[in-house]
Amino acid sequence: MHPSASAGVRLSAIVALAALVIFIVCPLGSIFITSFTGSENESLLVQHALDAALASENVETVVNSIVLAGLVVVLTTVMATPLALLLSRTSWGQSHWLDIALLIPFMTPPYIGAMGWILFMQKRGLLEQLLPPAGAVTPAFFSLGGLVFVMSLHALPFMTTIMKNALIRVPGNLEEAAAVSGAGFSKRLKQVLLPLVTGNYAIAMLLVFVKTLAEYGTPSTLGRRIGFDVFTTKIHAYATTAPVNFGAAATLSLILITICMAMWMLQSWITANRSFRLVGAKGARPAFWKLSGWPRRAAALYIGIVLLLAVGVPWFSVIATSLIKIRGYGLALGNFTLMHYVELFTENPKGLDAFVTSLMLALSVGLIASFLGTVIVWLIRHSGRMGRLLEGIGLLPEMLPSIVMAIGLMLFWNQIYTWIPLYNTMGFMVLVYVILFLPYAIQYTTSAWMQVSPSLREAGSVCGGSPFSS
């Protein structure tokens, strides 16, 4: 590498590091400072943070959030474990359409999924119209149990995918050895198979726990309807509802960061102590369970019920409601129309403007985040120790709930509004989304970069190419 080129790389890395510090570290610092001051005009006092943290409504919010996340982890585990076993150990795993179908809840915005279930289960809703006797039980849905149920359906793909991939890597000869030693199916399952994937389960559990703490869509629709406040809804209320209280919002954000970091440490400890090297140089085939008769029918029934609950009900509710002409008539022949779609794009300029704005926002954020992710990964690979620091800061937003990062950006850019009037503009929305999605761009680009042999870049360097060209 030429000295001038090396200096150029170092200078580029320094500029990128400074930018990441401004756009990621400084907003998080704003959360910390604001949580201890209450506002930018007050001195740094621990009492401010303690008063906000110990307020009865905030204590209730913290307890609600932890209880909700814990219950979602439990229910998601109960639903995902049989699915992961079926997709990794039986012929159901060869049905690739199942992998796609089980990703639909992940691709569906939580807000849309929650609204679908509300439309289906509310009084005189779609379920009551289809099955009038069900009207007696639908009110039970609007409770903590219903909230846990809906959020578990959205988290289901995360845990199922991680557990399925982990189970596929468990060699079949381990189960066969246990069977030869006289262990029955249940004993092999409890003492051989599931313990080997404990570390992977810890990762899945962490993702589901943190995702539940960070989710806003379902708690803001179904949770608020039953009076169940959590971190995201309370932080949003403090930051957007008059009188605005950024100090309380920052304090709750700091508590949320602390809980998430504690979960990361717990997951790291479990993974370090309960991980096993199952893939080596010697190939190993996974075990295969042949299902026939009633076990196969039971498996098909279970998969069908999960798909019905996770995909069928919310999408049916949303689509059916969008086609109903007069809501009072409900699901009746002749009461379906496409006029709502026609009006949305012809007679309602706000609907069309929202569609265009969302599309342009998605395209611009995708292009900017992809470009920045590629540049950062290139600098990571060429700038040594500074590259590791770049990677650590660049991936930081992924380890934090989105609302925490958004609150930090709001606080920081509001404080420097006099010098850079970006806050409360469309450009600020683009900036927030780019910061939130930058870790994904870095990770995917790193994965692609690892597939390129270093010999190709070395050959380019030998032929006189600079780091920027090779």
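Predicted model: local features only at pLDDT ≥ 70, side-chain atom pairs only at ≥ 80, totals over all residues.
Reader: Thanks! How much space lies in the largest pocket?

Author: A pocket here is an open set of points on a 1 Å grid over the protein atoms alone, with protein on both sides within 12 Å along at least five of seven lines. Grid points are joined across faces, edges and corners, and a volume is the space filled by probe spheres set on the points. For the largest pocket this gives about 2000 Å³.

Reader: Which element gives the largest share of its lining?

Author: Lining residues have an atom within 4 Å of a point, and the largest pocket has 43 of them, with Lys211, Ser402, Leu436, Phe437 and Tyr440 nearest its centre. Helices are DSSP runs (H or I, at least four residues), numbered from the N terminus. Elements giving two or more residues to this lining include α11 (198–214), α14 (246–273) and α19 (402–415). The largest share, 10 residues, comes from α20.

Reader: How many charged residues are in that lining?

Author: Ala, Val, Leu, Ile, Met, Phe, Trp, Tyr, Cys and Pro count as nonpolar, Asp, Glu, Lys and Arg as charged, and the others, Gly among them, as polar. By these classes the lining of the largest pocket has 32 nonpolar and nine polar residues, and the number of charged ones is two.

Reader: Which helix supplies the largest share of the second largest pocket's lining?

Author: This second largest pocket holds about 250 Å³ of space. Its lining is made up of Ser322, His340, Tyr341, Leu344, Phe345, Gly351 and Phe355, which divide into four nonpolar, three polar and no charged residues. Both α16 and α17 supply at least two of the residues, but the largest share, four residues, comes from α16.

Reader: Is Leu363 buried, partly exposed or exposed?

Author: Leu363 sits in helix α17. Buried means under 20% relative accessible area, exposed over 50%, and partly exposed in between (1.4 Å probe, protein chains only). Because its relative accessibility is 47%, Leu363 counts as partly exposed.

Reader: What is the volume of the largest cavity?

Author: A cavity is a set of grid points where a 1.4 Å probe fits but cannot get out, and the count comes to one cavity of 30 Å³ or more. Among its 18 lining residues, the closest to the centre are Pro105, Gly113, Val150, His154 and Ala310. The lining divides into 13 nonpolar, four polar and one charged, and α15 gives the largest share, five residues. The volume is about 140 Å³.

Reader: Which residue forms a salt bridge with Lys164?

Author: A salt bridge is a side-chain nitrogen of Lys or Arg within 4 Å of a carboxyl oxygen of Asp or Glu, and the whole structure has two. Lys164, in helix α8, has a partner 65 residues apart, in helix α4 (residues 96–101). Lys164 counts as buried because its relative accessibility is 14%. At 3.2 Å, N to O, its partner is Asp99.

Reader: And how far apart are the closest N and O atoms of Asp229 and Lys234?

Author: Asp229 is partly exposed because its relative accessibility is 27%, while Lys234, at 14%, counts as buried. Their closest N and O atoms are apart by 4.0 Å.

Key:
Residues numbered from 1 in each chain as written. Heavy atoms only, no water.
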